[in-house]
Amino acid sequence: MKRRNFLKNSGVATAGVLSTPFLTSCKANEEEKKSILKGHTETIKPIVICTWDFHNASAKAWEVLSSGASALDAVEQGVKVEEDDVNNQSVGRGGRPDRDGRVTLDACIMDKDGNCGAVLAMQHIANPISVARKVMEDTPHVMLAGKGAEQFAYEKGFEKMDLLTEQSKKEWLEWKKTSRYEPIINIENHDTIGMLAIDKNGNIAGGCTTSGMAYKMAGRVGDSPIIGAGLFVDNEVGGATATGVGEEVVRTVGSFLIVELMRQGKSPQEACEEGIRRIIAKNKGKLDFQIGFIAINKKGETGGYCIHPGFTYRTYSGKGHDNNPSKSFLKP
Ligand code: SD4
């Protein structure tokens, strides 16, 4: 029987379980092998996705991916664009301070091999994502917090900076007038960037960086630098990342959950929806906060879901550069 017919009749092709050992044991020519494999493993790659309408960040990541560099380089360079943008008051320099007026930054990064690094509540350093990468690559640890993270950054050559801009200071002083010193839990004002990329070799990496909840208590850390909560990548399956009220994402280990749901066969969209449903179930009807998840699987399929309408996410691949309105649990 000709090999093509064997595939058709055996049902192997339609079941999508074609294995490489099977192929190597056949006497098919190279071209035929390639086309059969392509049909069964076709991946959209390279591709980058990120939370919110971060046009410049996704464009930067795409530029890095297009040059042939790794997904890890792409997410680091991509999210750095937002860290450097003082007009983004949820990330990097220009971020809103804690209730005492201190800007403290959180970030994490994860590579195709499950290596990861994070910095928590770090002051005076403009690019926490790059410090997180150094933690991953140059230390035996995963997380460095506070003064230790800052000290490590100086040792690695990062510059000391004042992260509080005039604009963020002005708003904080305004907030203090009526705040009664309470942190705010809001629906608006979330601009944390979580980014996931697949490079030309099909490898996945992710990064997430934030200044956290505006006017938080000193020392408060949310989900964004917590591997499994604000970000998770498994190179066999896919990746997920979050924005919104971090406490709720931590309580469900949201990004890890979404990746595991994809491992069990859910699409990125279905997995994000289930991730949000778990949070809603835990909150018993109290939904005065926003969470948005995005996810990508190994094939480059993407999804996003949130509680309140308004969340969007960017995708950039050979198919185009789009800002996608996310479906939401609550309807507009
Ligand atoms: C946090 N998840 O610290 C972050 C906040 C956020 O846009 O997403 N802001 O909880």
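Contact is defined as heavy atoms within 4.5 Å. The model is predicted, so local features need pLDDT of at least 70 and side-chain atom pairs count only at pLDDT 80 or more, while totals for chains, interfaces and linings use all residues. Residues are numbered from 1 along each chain as its sequence is written, and side-chain values use heavy atoms, without hydrogens and water.

Ile 193 is in contact with residues beyond its neighbours within four places in sequence, including Cys 50, Phe 54, Val 79 and Cys 208. Ile 193 is also listed with Val 48, Val 131, Met 195, Ile 258, Ile 291 and Phe 293 as having the most contacts inside the largest nonpolar core, which has 78 residues. Such a core is a set of buried Ala, Val, Leu, Ile, Met, Phe, Trp, Tyr and Cys residues joined through side-chain atoms within 4.5 Å. Buried means under 20% relative accessible area, exposed over 50%, and partly exposed in between (1.4 Å probe, protein chains only). A second, separate core of five residues includes Val 103 and Leu 164. Cys 50 is buried at 0%.

An open sheet of eight strands runs in the order β4-β3-β2-β6-β5-β1-β11-β12, with mixed pairing. Strands are DSSP runs (E, at least two residues), numbered from the N terminus. Two strands pair if DSSP finds at least two bridges between them. The edge strands, β4 (143-145) and β12 (320-325), each pair on one side only. Strands β5 (residues 193-198) and β6 (residues 204-210) pair in the antiparallel sense over six bridges. Within β6, Cys 208 is the bridge partner of Gly 194.

Key:
Helices (H or I, at least four residues) and strands (E, at least two) are DSSP runs, numbered from the N terminus.
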